[in-house]
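Please examine the model displayed below before reading further.

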Amino acid sequence: MNELEYKELLDGIFRRFPSVQSAGFSGDAYKPGLDNMVRFLEVLGNPHKEFRCVHVAGTNGKGSVCNMLASAFAATGCKTGLYTSPHILDFRERMRIVDEVRGDNPKAENKGPWPLGCPTDPTAFGSNTPKAENKGLWPSGYSPDKPIWYLVPKEYVFQFLKQWAGTFDRLRLSFFEITTGMAFKWFADEGVDVAVIEVGLGGRLDSTNVITPELSIITSIGLDHCDLLGDSLEKIAYEKAGIIKPGVPVVIGEYRPETAPVFRQVASERKSPIFFAEESGLRTVYPKAETSQIRLDLQGEYQRANLRTVLTALGVLGMPGRAGHDEGPSLPAATGNLTAAVREAIAHTAARTGFGGRWEHLSEDPLVICDIGHNAHALSHNFPQLEGMMESGVYDCLIIVYAVMADKDLDAILPLMPRCAHYIFTTPKGKRALPAAKIQEKYDDYGLRTVYPKAAVAIDDVQEAVREALKTASAYKKPIIYIGGSTFAVAEAKPIFQKEANQK
């Protein structure tokens, strides 16, 4: 296989089996239901049954929670698979392994014994805080902020797509079904101890819902994909609750009076212990103050809620008597205070797992932040944080480069937009994007007026829009540029700053 062969094969898969990310929720891109996925996994040898897993659903926060958990698991010595979507720059971002020993070099030899609390020493989970005299037990070169992840190799992707091409056609699989099967097979082939699996859409009918996890997590509920999941919070909560399995505990990250009864009802019917992170009795294990003691490298203010969810999840995994807890290799338990290693691992999640696109700083001078939050629920956190930064008096200009997909509820987003900003509306590549001129038209119709005389312009090309933002920012002493509203906008903007960083 050479690079050209790989690219041609991957491009062919994208054309024949379009992803929801590029084609939207129609045709072959979105096929709700589990029958085809079950058949596909049977052909692959049911790889999803060869490792333990945690299943994460929710409107927002899924990716952040998944990455924090993967970093925490790896800190206890578990070789951890991480399956998330969408990808930003490289298709393979969807499938990663986070491994304290092999780190970011998958060909490196395993060096030294496992850390405290590894699967070969289950009694150590959650009870031993590494001390100076124990440093020799950590892998060579251990550092809490060292990248320890690697992507599925291109060779593996190439061989998988060639080997199972006939099965894709015979079962009429969707892009997401193919990707999910590939991830499960790779994790099994790599011998992961545990995998953290993010739901693609909804939960009940999502392709990932073939697994029986150690723990289910539902992060938050907001009005998104209403045409597919329902037009109310209660209906969407029911779809997300589809990942709750009989007897398997579930953690609910966000308490809402509209959705809590739905989760309680489903959990009761399935005899699944349920824990709300905002009101959980686990505060005796992880008091509220614990979240403020961990300084995350994931910098959005909304990450505090995700952190609370993660700490609750770790507490539940460590509870005595949890189903399956004493059978087979242990997961990182937390039957007491957090270990120093796990605490540091969570704090350095972005660096350790390669997680980006969430309040990510692309530049410090000027300050450029990108975030793939794209619905009203996510932007109701992001936009107020930007306003708070401006109100602090530290910054003298806010420039927002904004794009949105045509299927998003722009009417719900417009009232959230800061009035203290310049806006540069733009159009990412792809059929789903709402043209920049259309965004500006709706913006003008809404009547949003900011403190700037020419508050909004439309520039179709994302990179040109970013360069215009940088030009505008150059007239100020302490500007902020925020790039968001769409994963595609972030994906097209990031290479500008990567190129500049490589040139320095």
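This is a predicted model: local features need pLDDT of at least 70, side-chain atom pairs count only at pLDDT 80 or more; totals for chains, interfaces and linings use all residues.

Residues are numbered from 1 along each chain as its sequence is written, and side-chain values use heavy atoms, with hydrogens and water left out.

Strands of a sheet pair through backbone hydrogen bonds, either parallel or antiparallel. Here, eight strands form an open sheet of mixed pairing, in the order 4-3-2-5-1-6-7-8. Its edges are strand 4 (149-151) and strand 8 (274-276), each of which pairs on one side only. Strands (E, at least two residues) and helices (H or I, at least four residues) are DSSP runs numbered from the N terminus; two strands pair if DSSP finds at least two bridges between them. Within the sheet, strand 2 (residues 80-83) and strand 5 (residues 194-198) run in the parallel sense over four bridges, and Leu82 stands opposite Val196 in strand 5.

Two helices that pack on this sheet may be considered next. Helix 4 (residues 62-75) touches strand 1 (52-57), strand 2, strand 3 (95-98), strand 5 and strand 6 (215-218), where contact means heavy atoms within 4.5 Å. Helix 7 (residues 175-190) touches strand 2, strand 3, strand 4 and strand 5.

Helix 4 also meets helix 13 (residues 340-347): their axes come within 8 Å and cross at roughly 145°. Such axes are lines fitted to C-alpha atoms, for helices over the stretch in contact, and angles run from 0 to 180 degrees between N-to-C directions. The contact is made by Met68, Ser71, Ala72 and Ala75 of helix 4 and by Ala341, Val342, Ala345 and Ile346 of helix 13. In helix 13, the residues Ala341, Val342, Ala345, Ile346 and Ala347 are buried, that is, under 20% relative accessible area (1.4 Å probe, protein chains only).

Finally, the interior can be described through its nonpolar cores. A nonpolar core is a set of buried Ala, Val, Leu, Ile, Met, Phe, Trp, Tyr and Cys residues joined through side-chain atoms within 4.5 Å. Of the 39 residues in the largest one, Phe160, Leu161, Phe168 and Phe187 touch the most other members. Helix 7 gives the most to this core, with nine residues. Beyond its neighbours within four places in sequence, Phe187 is in contact with residues including Phe51, Leu82, Ile97 and Ile197. A second, separate core of 38 residues includes Leu215, Phe275, Leu298 and Val316.

Technical notes. Buried means under 20% relative accessible area, exposed over 50%, partly exposed in between (1.4 Å probe, protein chains only).
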